Amino acid sequence: MRCSALLLSLLFCGAAHAQQDAPPDLAFDRPGIGFAASTLPRGSVALEAGLPSFSRDRDSAGVLSTQYSADITLRIGLVEHLELQAFTSPWNHLRVAPRDAPAERSSGAGDLGVGLKFALPLSSEKHAVALLASTTFATGSRDFSEGATQYALGASYEYSFNDRWTGALYANVTRGGSEDSVTWAPSLSFAATDTVSTYLEAGFTDTHGEPSTGMAGAGITWMVTPTVQLDASFDVGLDDDSPDTQAGMGVSLHFE
């Protein structure tokens, strides 16, 4: 937990120095299954972090797994419509409790990844599309690593019905190791005020050689200042093969 406390301190120190005037089209990628269909302005930086996220699942054998993860994404605007991303989870804690047996605990870092995000230049303000190509390297601890380099290509499409309601569709293909997978997720967002928004989402994943999984949930974001966003979200499993519960809180900061 000391790592989480240090992360919180760094983030809120950064918030104190974040600029107060954000570009009108600023959108963070967290929370939610997908990502925003826009990129950062050239030369600007965003830091997005979980504080941490939480996952719990009990399998058919009665084994209860509980995991906490402090994920971090750094986004850098390179040129118009293009940004560089780097992401990892420097702290993870897993507790596995078999039925009628002592629980086992482990901690460690997750894998490190990099990506390029490109927002398509469209003439319509109602439509927005972005692509994210990324590579994740197996640099993490044994219990928190995919074990092989993975390549992913994601796409996010957003349609603004009006000033309050926005629909989105996210899709992602991941290849690497022996677990190629496809994920797609629809969502609906509502801007309750100028600073508070909520959303509903569902996500479905098909993995080669494994059962398909589904999640559904909701979240809320609050723009504390024009450059600082707080968020909270949760998802529940829609079938026996999905995690029972996923939840988390996070903070996102934008710097010029």
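Okay, aromatic pairs: there are 5 of them in this predicted model, counting rings of Phe, Tyr and Trp (for Trp, the six-membered ring) whose centres lie within 6.5 Å. Planes under 30 degrees apart are called stacked, over 60 edge-to-face, and the rest tilted.

Take Phe54 and Tyr68: that pair is tilted, with 5.3 Å centre to centre and 50° between the planes. Phe54 sits in strand 1 and Tyr68 in strand 2, 14 residues apart, so the pair links distant parts of the chain. Strands here are DSSP runs of E, at least two residues, and helices are runs of H or I, at least four, both numbered from the N terminus. Phe54 is partly exposed at 23% relative accessibility, and Tyr68 is also partly exposed, at 34%. For that word, the cut-offs are: buried under 20% relative accessible area, exposed over 50%, partly exposed in between, with a 1.4 Å probe and protein chains only.

Next, Trp165 and Phe190. Their ring centres are 4.7 Å apart and the planes are at 40°, so this pair is tilted. Trp165 belongs to strand 8 (residues 165–175) and Phe190 to strand 9 (residues 181–191), so the pair ties together parts 25 residues apart in sequence. Trp165 comes out partly exposed at 36%, and Phe190 partly exposed at 28%.

Now the backbone. Most residues other than glycine have a negative phi, and most peptide bonds are trans. So what kind of peptide bond joins Arg30 and Pro31? A cis one, with omega about 0°. Pro31 is in the loop between helix 1 (2–17) and strand 1 (45–58). Leu51 and Pro52 are joined by a cis bond too, omega about -10°, and Pro52 is within strand 1.

On to phi. His81 has a positive value, near 75°, and sits in the loop between strand 2 (64–79) and strand 3 (82–97). His81 is partly exposed, at 26%. Asp100 has a positive phi near 60°, in the loop between strand 3 and strand 4 (104–108). Asp100 is exposed, at 80%.

Last one: is Thr207 buried or exposed? Buried, at 16%. Thr207 lies in strand 10 (residues 196–207), and beyond its neighbours within four places in sequence, Thr207 contacts Glu179, Asp180 and Ser181 (heavy atoms within 4.5 Å).

Housekeeping: numbering runs from 1 along each chain as its sequence is written, and side-chain values use heavy atoms, with hydrogens and water left out. As the model is predicted, local features need pLDDT of at least 70 and side-chain atom pairs count only at pLDDT 80 or more, while totals for chains, interfaces and linings use all residues.
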